[in-house]
Amino acid sequence: MNKRERIIDIKALCRCTLEKWRILLLVGVLCAAAMGGKEGYKQYRAYQRGLEAEAAEAAEAANTKAPASQKDQELNLISSRIEEKNQYFTESILGKIDPANEGIATADLIISARPSNVARQAAAAGAEPTAAAAAQAETGEGIAEEAESAPAQTAAADEEGEYNYIRSREFNILTFYQNAALYRSDLTEAAASLGTKPQLLRELITVTDSNKSDSMITIKVIYPTEEGARLILDSILSQVEALHAEAQELYGAHTFAITDEVSATIVDTAMYKWVNNRAQEIVALINSRKTLDKNLASGTTTVKSVAKVSKRSAVEASVKRGLVGLAAGLFGSLALVALYLVLAGIVLSGRELNRQYSLQRIACIPGRKFGSLKGPDKWVASIDSSYYNHPNRTICIQVANANMQTILGPSAADAQIALVGDLPDEYLEKAAAEFTKAAKSGNSRIRYFAIPCGSQTPEGIEAIRNCDAAVLIAKAGRSTYKGVGDVLDTAALLGRDVAGSIVFM
């Protein structure tokens, strides 16, 4: 009768777990290397910081004794920067603009390099188109004529190429006018009219790409008064317009128009931020000068205190952390392996298996040459070794054959034994050959047959029925209780009770 509630044999669990001591040791060493290496790197960084702190202290001591000429130079440099900032802040026209009454003047500059637009501009002016314009117009007409005769796909490609070419020219032309407004314009006359310097007017001018069109830029000028902003803008526009001929020589014929000239007095909250930023720059420089003055007066500078670590303490800390990692890796992997064996329902020993299913022990055989084991392998194999029939594998097989003769009694002559189990077919066949050989050497005519139970076949079922008895073959650490239970259920279904078990440890 099968006992469905499993009772785990702790000794057998320890044996199956410790048999994998090489893997456990490898995991422990890896954990020790990881944790010890991490701690070693941490201690190394601390040791380096200690060396840097010592060097800083030595340098500070040298600076205290030496003349503070470098610090004086730094102080003079900061002071000169403060004076420059103050001078700029007081002279800058931006600093004099009232954000609530700011004068502003803007104008849009629109260009077009399309041949049709250039031709229309020339016609509107009542003059013959320029050579460049005529060439572009002829090119446009030629493209149109070719598009009518070429396939639709070729026409579309030519049209896209012409469009990209025109957009590239327009970009270059706009860049030319933008640079002219920002950097080439002469503001001397406007500055004289306003009673200031030309360089102070340059920062009042901005040129931006308009969001209204890809072929337009917006020129904007700000000033404390609307009239002053308009005066500066008119000076810039007249100079930019005068450069139209030069632009056509460089980039080809194109239309040029100045539109939406507007001047007004507005509220510009962005100027509050500009003033605040300039004030903060000056305050930061003043604070830096105060700190340097204080350090010069005391003859010292602040050096952050760093805990110093010796080489010996760093090595000891790394070794201790490595030992902790070794222990954590060993016990952690040990617990995981044991948990896997239990949750996977692995057969741990012959004693546990026979107790679980109330089976007779026909034989419990060492899986390896027990006498040749050494070191940890021998110590682990000795756990629960008292359940072996004999430490010698050959003798155990002979004992198993003798026990089968006892179980079968008078019918042992010419008996056929079915070896069933959840092990692979080749393992069962090897065991059957080994037991048959031992029976022949002991003048026994018992024959053993491996009957696969993993996948049932009509031949296998018929073979179990024709055998005189069935014996369960299992291997500790490999067979599972699920697989063994299925094998026993199959044998019971066929009316063939299992005589006992042969377990390889």
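R393 is partly exposed, with a relative accessible area of 26%; here buried means under 20% relative accessible area, exposed means over 50%, and partly exposed covers the range in between, with a 1.4 Å probe and protein chains only. The model is predicted: local features need pLDDT of at least 70 and side-chain atom pairs count only at pLDDT 80 or more, while totals for chains, interfaces and linings use all residues. Residues are numbered from 1 along each chain as its sequence is written, and side-chain values use heavy atoms, with hydrogens and water left out.

## Salt bridges

The side chain of R393 meets that of E434 in a salt bridge, at 3.3 Å from N to O. E434 belongs to helix α17 (residues 425-441) and R393 to helix α16 (residues 393-408), so this pair ties together parts that are 41 residues apart in sequence. Helices (H or I, at least four residues) and strands (E, at least two) are DSSP runs, numbered from the N terminus. E434 has a relative accessibility of 25% and therefore counts as partly exposed.

A salt bridge is defined as a side-chain nitrogen of Lys or Arg within 4 Å of a carboxyl oxygen of Asp or Glu. Side chains of opposite charge can pair when their charged atoms come close. A search of the whole structure finds eight salt bridges.

| Pair | N to O distance |
|---|---|
| E434 and R393 | 3.3 Å |
| E246 and R184 | 3.4 Å |
| E170 and R167 | 2.3 Å |

The side chains of E246 and R184 form a salt bridge. This pair links distant parts of the chain, with E246 in helix α11 (residues 244-251) and R184 in helix α7, 62 residues apart. E246 is partly exposed, at a relative accessible area of 30%, and R184 is partly exposed as well, at 46%.

Helix α7 (residues 152-184) also holds E170 and R167, which are separated by about one helical turn because they are three residues apart. E170 counts as buried, at 3% relative accessibility. Elsewhere, R230, D234 and E261 are linked in a network of salt bridges.

L323 lies in helix α13 (residues 311-343) and counts as exposed, at 54% relative accessibility. Together with V315 and V319, L323 forms a nonpolar patch on the surface, and the three have about 280 Å² of accessible area together. Patches are made of residues with over 30% relative accessible area and no salt bridge; like charges are joined within 9 Å, and nonpolar side chains (Val, Leu, Ile, Met, Phe, Trp, Tyr) within 5 Å. Accessible areas come from the Shrake-Rupley method with a 1.4 Å probe, and for residues only the protein chains shown count as cover.

G329 is also found in helix α13, but G329 counts as buried, at 4% relative accessibility. The C-alpha atoms of G329 and C31 are 5.4 Å apart in space, although the two residues are 298 residues apart in sequence.

The axes of helix α1 (residues 10-18) and α13 come within 9 Å and cross at roughly 120°. Axes are lines fitted to C-alpha atoms, for helices over the stretch in contact, and angles run from 0 to 180 degrees between N-to-C directions. The two helices α1 and α13 are therefore oblique to each other; angles under 35 degrees count as roughly parallel, over 145 as roughly antiparallel, 65 to 115 as roughly perpendicular and the rest as oblique. The crossing of α1 and α13 is right-handed; a crossing is right-handed if the near helix is turned clockwise from the far one by less than a right angle, and left-handed if anticlockwise.

Helix α14 (residues 350-357) packs with helix α19 (residues 481-493) at an angle of about 45°, their axes being 12 Å apart. α14 and α19 are therefore oblique to each other, and their crossing is right-handed.

S358 is found in the loop between α14 and β5 (361-365). Its phi is near 55°, a positive value in a residue other than glycine. Most residues other than glycine have a negative phi. S358 is partly exposed, with a relative accessible area of 46%.

Q360 has its place in the loop between α14 and β5 and counts as partly exposed, at 48% relative accessibility.
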